[in-house]
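Colleague: I have a model open and would like to go through it with you. Could you take my questions one at a time?

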Amino acid sequence: MLYVATAHYRSPRWIAIQARYLRRHIGVPFQVWGSLEGIDPAHGEHFDRVVEQLGSHAGKLNHLAMEICQEADEQDLLMFLDGDAFPIADLDEAIREGLRQAPLMAVRRAENVDSPQPHPCFCVTSVGTWRGLRGDWSAGPLWPGGQGHEVTDVGSLLMRKLEIEGLSWVQLLRSNRNNPDPLYYAVYGGLVYHHGAGFRSENLAAAHRARGLAPSALRGGEPRAQRRAAAWEEAKRRELLEQSERFYERIAAGGEDWLAELI
Amino acid sequence: MLHVATSHLASPRWIDIQAKALREHLDVPYTTWGSIPLIDPAYGDRFDRLIGQKGPEYARLNHLAVEICREAADEDLLMFLAPDAFPVADPMPSVRAALDGGAVLVAARRSENAGDPQPHPCFCVTSAGTWRRLGLDWSDGFPWTSSDGRRVTDVGANVMRRLELAGERWTPLSRTNPAERDPLMFAVYGDIVYHHGAGELCRAHRLGAPRPLPVPRLPVAGPAVQRLNTERMLMWERLAYRRMGRLSEQVIGWIEAGGDGWLQRLGAGGVPRGESR
């Protein structure tokens with residue numbers, strides 16, 4: 001059995017899309033365990049199991065995994081999937097091949113200022129491995145970020161645990177041929193789409209700032225420069241939101257032209 | 001060996017107070033594992049081990065536990081301590097009594113915070129073996145109903161759920177001093193640990209917030225009452241934060257003055273070193 005763990009937050013807009021692509025691209029028996037904070041419970045019909053939960057994204061994923069591990073067998077598979085992520089190619093053989101190479105396979109968002117950690121937008125491992133690792137999606141451990149500061153993010157503690165246990169992992173890297181955005185609208189390993197501007201996208205990512213487009217005042221400076229920087233951020237955020245909406249509409253409409261544009 | 005895990009964020013003001021209290025009240029060999037994000041690195045010498053980390057508090061504690069468990073023996077003890085928490089008596093007799101009695105974990109339970117049912121990381125002791133075996137983590141996620149009828153979650157929720165699923169028992173330490181100065185802050189739990197707790201308005205404080213006025217379904221009056229409700233709430237929050245800051249500074253002043261007088265003022269009395277009630 002493959003258990004899919006996914007947390008949707010405040011908006012039901014990706015639920016039916018994700019469910020459609022999961023049905024299309026997973027051939028083995030699977031169950032979808034989801035949480036629907038701030039979403040009409042009627043959308044629960046798209047899930048095999050709805051787990052009530054609140055709070056941080058990492059906490060929700062840890063909790064979902066805990067509930068799944070309570071019922072699953074060691075050899076069952078556990079797949080984490082962001083609410084705005086879904087498979088775009090058949091996963092069964094790719095997962096088999098990936099887990100032959102290493103006990104865990106996950107997206108690595110190297111395009112986000114070389115983030116080194118497994119990202120929960122897509123990650124698959126066995127229930128036995130997750131239990132043995134005491135997997136945890138929390139942030140915590142640091143790595144050098146794009147602007148000389150050390151940074152952390154979800155997945156960094158999982159990376160540290162893998163390192164301590166001496167376990168390797170298969171990294172699915174961005175494989176877009178075309179990139180309308182440095183971070184969003186990503187295809188990883190030709191297998192998974194991650195919209196990226198899905199639920200909690202009110203803040204710009206490091207990848208957007210690192211492109212050299214942001215005024216230097218984002219890193220401090222005079223009040224006037226800071227106001228200019230805030231205006232730049234606001235304009236950039238609005239631009240990203242509009243672009244995201246256009247892309248979403250095309251995905252929701254069905255068809256594959258949106259995907260053909262990326263790969 | 002006892003491993004103390006504590007993460008101080010942005011302000012060093014509790015570091016020396018906590019270190020002194022640990023020296024005064026712990027009779028067992030112990031190692032302090034700390035992190036000091038956004039604090040002058042010179043304070044690192046107050047800790048036996050300093051770990052570089054960032055992120056929310058639950059994540060920093062999970063990470064500290066990972067680093068400790070990498071080195072600790074199964075029977076070693078792991079003590080989580082909020083940065084503004086410290087022992088006011090020897091905690092080990094209470095801890096040993098609970099663990100010998102079949103509980104796998106001892107922790108503060110802030111039931112005064114609108115009925116919080118979960119172990120709180122302001123003070124928690126378990127064995128490294130238990131932490132590893134159960135794969136515990138401090139994140140929020142699992143929900144419960146607070147005393148004002150809302151579904152909520154908070155740090156420690158997933159520890160509580162994991163213990164429940166594993167059929168393991170924990171010993172809650174309840175507040176033992178009166179809450180007359182504040183419903184949540186300045187708390188002594190189980191007569192062994194003090195938690196200052198100032199910073200954010202919590203559920204316990206919000207129980208005292210003004211109830212919103214009913215919004216009439218009228219084109220002009222409706223939005224006006226809604227605006228009034230928002231203004232009333234903002235005003236209440238401003239006053240509550242001001243009061244919290246004033247009280248907090250007053251109590252910190254008492255603590256910094258030394259001695260046990262501050263504990264007596266908080267209704268906890270002085271607990272002699274090496275004793276637990």
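Colleague: Leaving aside its neighbours within four places in sequence, which residues is B:Pro29 in contact with?

Modeller: B:Pro29 is in contact with B:Met1 and B:Leu2; two residues are in contact if their C-beta atoms, placed from the backbone, lie within 7 Å. A note on the source: this is a predicted model, where local features need pLDDT of at least 70, side-chain atom pairs count only at pLDDT 80 or more, and totals for chains, interfaces and linings use all residues. Residues are numbered from 1 along each chain as its sequence is written, while chains are lettered from A and ligands numbered from 1 in the order in which they are written.

Colleague: Where is B:Pro29 placed?

Modeller: In the loop between helix H1 (15–25) and strand E2 (30–35) of chain B. Helices (H or I, at least four residues) and strands (E, at least two) are DSSP runs, numbered from the N terminus.

Colleague: Is B:Pro29 buried or exposed?

Modeller: B:Pro29 counts as exposed, because it has 7 C-beta neighbours inside 10 Å. A residue is buried if 20 or more other C-beta atoms lie within 10 Å of its own, exposed if 12 or fewer, and partly exposed in between, with C-beta atoms placed from the backbone.

Colleague: How much of chain B is buried, then?

Modeller: Buried residues are 44% of the 277 residues in chain B.

Colleague: How many helices and strands does chain B have?

Modeller: Chain B has 8 helices and 12 strands. Its radius of gyration, taken over C-alpha atoms, is 20 Å, close to the 19 Å of the globule rule for 277 residues, so chain B is as compact as a globular protein of that length. That rule is 2.2 Å times the number of residues to the power 0.38.

Colleague: Now sheets. What is the order of the open sheet of 3 strands?

Modeller: The order is E5-E12-E11 in chain B, with antiparallel pairing. Two strands pair if DSSP finds at least two bridges between them.

Colleague: Why is one side of E5 and of E11 left without a neighbour in the sheet?

Modeller: Strand E5 (85–87) and strand E11 (187–189) of chain B stand at the edges with a single partner strand each, so one side of each has no neighbour in the sheet.

Colleague: How many bridges join E11(B) to E12?

Modeller: 3 bridges join E11(B) to strand E12 (residues 193–195) of chain B. B:Val188 has B:Tyr194 in E12(B) as its bridge partner.

Colleague: Last topic: how many residues does the contact take from each chain?

Modeller: 25 residues come from chain A and 27 residues from chain B. On the side of chain A that touches chain B, H2(A) gives the most, with 7 residues.
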